Amino acid sequence: MTAVAQAPHVETHGHDDGGHEHPPDAFYWKVGAVLAVLTAVEVTTYWWKDWFGLSAENAGKVTGPVLIILMVIKFVSIAAFFMHLKFDNKMLRRVFIAGIALAVGVYVAGLSAMNWWVDSGTTNFNDAPRTRPTPPPPTEKPAVPALPGGHSS
Amino acid sequence: MSEMLTVPPPAGTDVAGETDDHAHPTATGITNEKLAMWVFLGSECLLFGALISTYMLYKNRSGLVAGGQGSPIRMSDLYDIPFTSVSSFVLLASSLTMVFAVVSIARGDLSRLKLWLAATAALGAIFVGGQVYEFTGFLREGAEVRTQVLEQRAERRDGAVPFDEPFVVTLPAKHTLTFNFLESGDVMVARQGEPAARMDPDDIGAGFTSSVSSSAFFTLTGFHGVHVSLGIIMLLVTLALASAGRITKRNAETVEIVGLYWHFVDVIWVLIFTIVYLIP
């Protein structure tokens, strides 16, 4: 019970919980510039198919991973620097990451249950996965040759 | 028990705030308000995760696919990537100005705080205006396609155009829809290289209820737009409080908490822009 009475007091004026001062303005300008450049690179992927002569299918295979990587970098940068998560109490980081992890886990499970990884972008929604081979069609039973003596099985 | 509630702060520390808002200590070392905002943002991840994953499931389910119904137009057929890119830069810039607002009040600079808050709210309003313009553009383009198809049907019924002559519409994303008209008044619609499907021309459109694809799109982006709008209101209220002298260096965390919400809104747009608009 006395643990609460002896809890560290929080200074809430102008400082982070850890007592960190803010970085200089130039730091935030640099982070903003980096984010702007990354956004510009993301936008250019819209034209990579034309610039590099990629087919529609290959364009997705090339630009998809690039876009996801850039998206994650931007997400982490904004959370770490603009939202100050890098310099704040670790509990805040854990709370936020818990929410993200729960959301990603639940919705990856949901997409998997809906066969999204197999059927997305096609007209075969809810069809069986293509990787499972379909059984060969049944063939007619060959006629059994008659036994000597006129009997047949 | 009462001793627990009346322990004075350690010597040398300052109890923040002219009011009693931040007077009591916490066991975690974090103020309740800040922790509450982070917990709220964690829960918002689940909300937007649901909306984004629903869009991912339904984005290709126009009226032309099994399991879809309504308009043959996919929302991705109508995207104007350059315009949406500019919107993205605007929202990113607003995140930067928000950081400067927080830094300003942390240093006790009230005039710069008001400047940066106003700039953030203005950039946010520009973003929302861009979204409204974009969405009304989608509605208009879907309606134009419907009007053209209905006119073509009327011309075929009047005999001005041969009945079996197909009508091809090229959408902004360079995809084409080929319409073949039926005696019953319905049309057979095919996207390039895909099987045709039969539908009523009156179902053609790109509005909220036009197809599963469009519903998912507008729900996701609409929710985000509402979040941005609420953020603008929070910024304006904070600006008003700052102008009234209610925001000082002592209670600068108020601005920080508003900033957390605004940055989160920007972060969600980073996800939406990439997943919805850019990933093929």
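How many bridges join β2(B) to β3(B)? I began my notebook with that, and I counted five bridges, with the two strands running antiparallel. A reminder to myself before going on: this is a predicted model.

**Entry 1: chain B as a whole**

I looked up the make-up of chain B and found six helices and four strands. Reading along the sequence, I noted the pattern α-α-α-α-β-β-β-β-α-α. I then checked burial, and buried residues account for 46% of the 280 residues in chain B. I also looked at contacts in chain B between residues at least 6 apart in sequence, and 69% of these join residues at least 24 apart.

**Entry 2: the sheet**

Next I followed the strands of chain B. They form an open sheet of four strands in the order β1-β2-β3-β4, and the pairing is antiparallel. I asked myself which strands stand at the edges. They are β1 (167-170) and β4 (197-199) of chain B; each has a single partner strand, so one side of each is left without a neighbour in the sheet. From one strand to the next, I read an average twist of 30 degrees.

**Entry 3: strand by strand**

I went through the pairs in order. β1(B) and β2(B) run antiparallel and are joined by four bridges. In this pair I found B:Phe167 opposite B:Phe179 of β2(B). Their hairpin has five residues between the strands, and there B:Lys174 takes a positive phi near 70 degrees.

Then I returned to β2(B) and β3(B), the pair with five bridges. B:Leu177 stands opposite B:Arg191 in β3(B). Five residues lie between the strands in this hairpin too, and B:Gly185 has a positive phi near 105 degrees.

In the hairpin of β3(B) and β4(B), with five residues between the strands, B:Gly193 takes a positive phi near 75 degrees.

**Entry 4: the faces of β3(B)**

Which residues of β3(B) lie on the covered face? I listed B:Val187, B:Val189 and B:Arg191. On the uncovered face I listed B:Met188 and B:Ala190.

**Entry 5: a helix from each chain**

I then turned to where chain A meets chain B. The axes of helix α4 (residues 56-82) of chain A and helix α6 (residues 253-278) of chain B come within 10 Å and cross at roughly 175 degrees. An angle over 145 degrees counts as roughly antiparallel, so I wrote down α4(A) as roughly antiparallel to α6(B).

From α4(A), the contact is made by A:Leu67, A:Met71, A:Lys74, A:Phe75, A:Ile78, A:Ala79 and A:Phe82. From α6(B), I noted B:His263, B:Asp266, B:Val267, B:Val270, B:Leu271, B:Thr274 and B:Leu278. Sorted by class, this contact has 10 nonpolar, two polar and two charged residues.

**Entry 6: domains of chain A**

Finally, I looked up how chain A is divided: domain 1 covers 23-87 and domain 2 covers 89-120. Taken over C-alpha atoms, the centres of these two domains of chain A are 21 Å apart.

Terms used
Residues numbered from 1 in each chain as written. Chains lettered and ligands numbered in written order. Predicted model: local features only at pLDDT ≥ 70, side-chain atom pairs only at ≥ 80, totals over all residues. Domains from an automatic or database assignment. Axes fitted to C-alpha atoms, helices over the stretch in contact; angles between N-to-C directions. Parallel < 35°, antiparallel > 145°, perpendicular 65-115°, else oblique. Contact = placed C-beta atoms within 7 Å. Nonpolar A, V, L, I, M, F, W, Y, C, P; charged D, E, K, R; others polar. Pairing = 2+ DSSP bridges. Buried ≥ 20, exposed ≤ 12 C-beta atoms within 10 Å, placed from the backbone.
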